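Reader: I am new to protein interfaces and would like to go through one step by step. Could you take my questions in turn?

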There are 2 protein chains.
Amino acid sequence: MRVTIAEVAQRAQVSKATVSRVLNGKPDVDASTAQRVRRVIDEIGYVPSARAVGLARGRTRTVGMLAPSLTWPWMGEVLQGVVDTLEADGYGLLLYTVNRGPESLNQFANHVSANAFDGLLVIEPPDALHYISTLYRAGLPVVMIDDRGTHPEFPSVATTNRQGGADAARHLVASGRTRFAVVTGPLHFGCTQARLDGFREVLSSSGFPLHPDLVVESDFTTTGGGVAVEKLVNSGLEFDALFAHNDLSAVGAMRALRENGRRVPEDVAVVGFDDVPVASHCEPLLTTVRQPLQEMGAAAARMLISTLEGRQLPDHPTVLPTSLIVRESAP
Amino acid sequence: MRVTIAEVAQRAQVSKATVSRVLNGKPDVDASTAQRVRRVIDEIGYVPSARAVGLARGRTRTVGMLAPSLTWPWMGEVLQGVVDTLEADGYGLLLYTVNRGPESLNQFANHVSANAFDGLLVIEPPDALHYISTLYRAGLPVVMIDDRGTHPEFPSVATTNRQGGADAARHLVASGRTRFAVVTGPLHFGCTQARLDGFREVLSSSGFPLHPDLVVESDFTTTGGGVAVEKLVNSGLEFDALFAHNDLSAVGAMRALRENGRRVPEDVAVVGFDDVPVASHCEPLLTTVRQPLQEMGAAAARMLISTLEGRQLPDHPTVLPTSLIVRESAP
DNA sequence: AAGTCTCGTGAAATCGCTCCCACGAAGGTC
DNA sequence: GACCTTCGTGGGAGCGATTTCACGAGACTT
C-alpha cells in the first residue's frame, strides 16, 4: 500500500491540511509543527502522488514535446538540452512524434485534450503547424524550436542563420576562394533564405558575384547533396568553394566532388551548416557553421517553464548565435 | 471550463457511471443508451482527463524511459522505435536521463516514487543498475534494452552479438583476408566478450589464429579507435583485416589507418558494429554488423506493455538478429 | 473587561474519474 | 402467481492530494 498524506498526518498528529502546507512551503505553520511533520515524512519516505497533485492543482509539472522525427542527426542534442533543463526544475517530459502520420497526430491530440501536460515544446512540425497554432490560441503555452524560419505567431528560439551564412562567406573569401557555389536547403524554408542572403551579401560586398547557376536547391539529405553537385559540375561553370546548407548535404557533396575528380579542400573548399556529429567523423573533417543545438533546447525549455510559472515572455524570438567551426574541408 | 464526465452524463440523461461504462467499453450497457452517450461525447468533444483517470484507476498509461545520454548516435533510432510502439497503443513516454549525475538520479527517483509512470524502460545505465534492480524487485515493471551484455535479472532485449562477431569474421575470411586485428569495446561489457568470442571462434575454425597483440581494448569512441590503431601499427605485426566493436571506433580506426599509410580496404578491410548513420556517411562507406536499433526499442516497448496489461513475459531475454551490411570498407 | 486581530489549525469540499453495490423491471421457471 | 435470474442503471464511496472557510486561543487595543 502506498503511503499517503493521511498516514503522515496521522503519525504527526496533525491534519492533512497542515501536512500539505508543510509540503508546499506555505506560511502560517508553526515551526515546531512543521519540523515534526517533516521528520515523519523523512521517516516513512513519503512522496506525494504525482497523479493526485496533478488532479487537485490542475497542473502536472510535465511538458510535452512534439518532434517530427527522433532519428534526425541533431535531435539528440536538442532533446538533451530540453531534458536537462526541465529535469533541473523538476519537470517531466512527455515525448511525441508524428512519425506514423495522421494517426500519430490524432493520438497526440488526445493527449492534449486529456491535459496530459501543462505546456508544449514543438520542433517545427511539417504539417501540424496549423493545429499547433489552434492550440496556442486556445491558451496552451507553446514554445517552438525553429530550425527552419521564423514563425512570429509563437514564442520561439532560433539561430542566426543569416549571420551563419555571412560567416561562411567571409571565411571562404578570406582563404582566397573566388568562385562560389551553394547547395541550399528547400527554398521555401525561412532558414534557407536567411543562410543564402547572408552568404550572398558578404560575397557581393567583397566584389564576388554569386552566379545563379551555381546555386542549386537541395533537400538537406546526403544523396540530395550528391545530386546537387552533379548539377553544379554539369553546369560547366568552375567553382572553388561550396557552401552547403546543412552537414548532411555537405557530406554528400564532398563525396560527389571526389567522384568527379575534385579534391577537397584543394580544388573545392566545403563549408556545411549545423555541426552534427558526422561533421567531425567524415573525411575530410567538415568545416561548418555550428548551431548551438543543446542550448537551443535548453533555452526553449526555460522559456516554456517561465510562461508556466506565470512570467511574461518577450514577444520577439530568442535568437542564439551560430559559430564557425573550422576543420579540414575549408581550412 | 473543462467539459467533464458529469456534463456528458447530464446531457445524455444518464449517470456518470454509465458514461464511464461506455467510455471503457464495459458490457451491460443498452445499445441505444451507449449510442446516445457516444453522440453527446462527439458533440461536445469530450475527452476524459488523463489526471483523473490516472488517479482513479491507479495507472497512468504512461511509461518512463531512463537513458544514460540522448546524444549517443544510436539513441534516436531506439527512441523512435519505443515512441512509435507506445503511441500506437495509446501510451505516453516520459523521458529521463542521468546526464547531470547524482542529482538527475535523485529527480528520477522522485518521479518513480510519485508514481508518475506505470512501467520503466531502461537503457543499460552506467551506475544506476543497482537502484533499478531495487525498483524491479519492489514490483515496478522494468524492461531493459541491453546493449552491453546480459542481465538475466530483468526482462530485456538484446542482439546476437556473438553471431554478429562470427558474421564479421566469416565475411573477412571469405574475402581472402588472413591476418586479423580487433579493436574491442570495454572488456568488462558482456557485448564486447560476445562479439570477440564469435569472431575468434570462426577464425580458429577457419584455421586462422587471432594473435593476442592484435586485439586491443578501446572505448567505443572515435578517438579511442584511432589510438587503438596506433597501438596495432606499433606492435609491428602485419594485419589486413580489422574488426572494430562499434562504428565510431571503426571510423576513428579508418582515419588512423590512412594516416599511417594503409589504404582501406585495399591494405586493410574494416568492419564495424551498430550501423549508425555515420557508417553510411564516412569515407569509405563502412561495412558493419547492423543492430536493429529501432526494432529493439519497439520490442522492449511491446514487452513492457505486455506486462502492464497483465500478460506473462518469457523469462529469457528477447534476442534480435544482427545482420551484416556490406559496404566499401570491406567489400 | 470587552472587543478586535492575528495565528495556527482542522473539517470538509473539490478536482474528474472508476467501480462496487443496490435496486427495479423484465423474463423464466415450477 | 410466487420466486428467481438477468440486465441495465444510478448512487455514492473511493483515489490522494489542495484549498477554502471557520474557529479557538492568545495578544493587543481602548
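Reader: How many residues does the contact take from chain B and from chain A?
Author: The model is a predicted one, and every value here is computed from it. Counting each side of the contact separately, chain A gives 54 residues and chain B gives 55 residues.

Reader: What area is buried between chain B and chain A?
Author: The size of an interface is often given as the accessible area lost when the parts come together. Carbon and sulfur atoms give 53% of the area buried between these two chains, and the total is about 4500 Å².

Reader: Which three residues supply more than any other three of the area that chain B buries against chain A?
Author: Together the three in question supply 17% of the area that chain B buries against chain A, and they are B:R51, B:E87 and B:H281.
There is also a charged pairing across the contact, in which A:R258 forms a salt bridge with B:E283, with the closest N and O atoms 3.1 Å apart.

Reader: Why are the two copies related as by a two-fold rotation axis?
Author: Chain B is superposed on chain A, with an RMSD of 0.2 Å, by a rotation of 180° with 0.0 Å of shift along its axis. The same surface serves both copies, since 98% of the contact residues of chain B recur in chain A. The rotation and the absent shift are therefore what relate the copies as by a two-fold rotation axis.

Conventions: Residues are numbered from 1 along each chain as its sequence is written. Chains are lettered from A and ligands numbered from 1 in the order in which they are written. This is a predicted model: local features need pLDDT of at least 70, side-chain atom pairs count only at pLDDT 80 or more; totals for chains, interfaces and linings use all residues. Side-chain values use heavy atoms; hydrogens and water are left out. Contact means heavy atoms within 4.5 Å. Buried area is the accessible area (1.4 Å probe) that two parts lose on being put together, summed over both. A salt bridge is a side-chain nitrogen of Lys or Arg within 4 Å of a carboxyl oxygen of Asp or Glu. Copies are superposed by least squares on the C-alpha atoms of residues with pLDDT of at least 70 in both.
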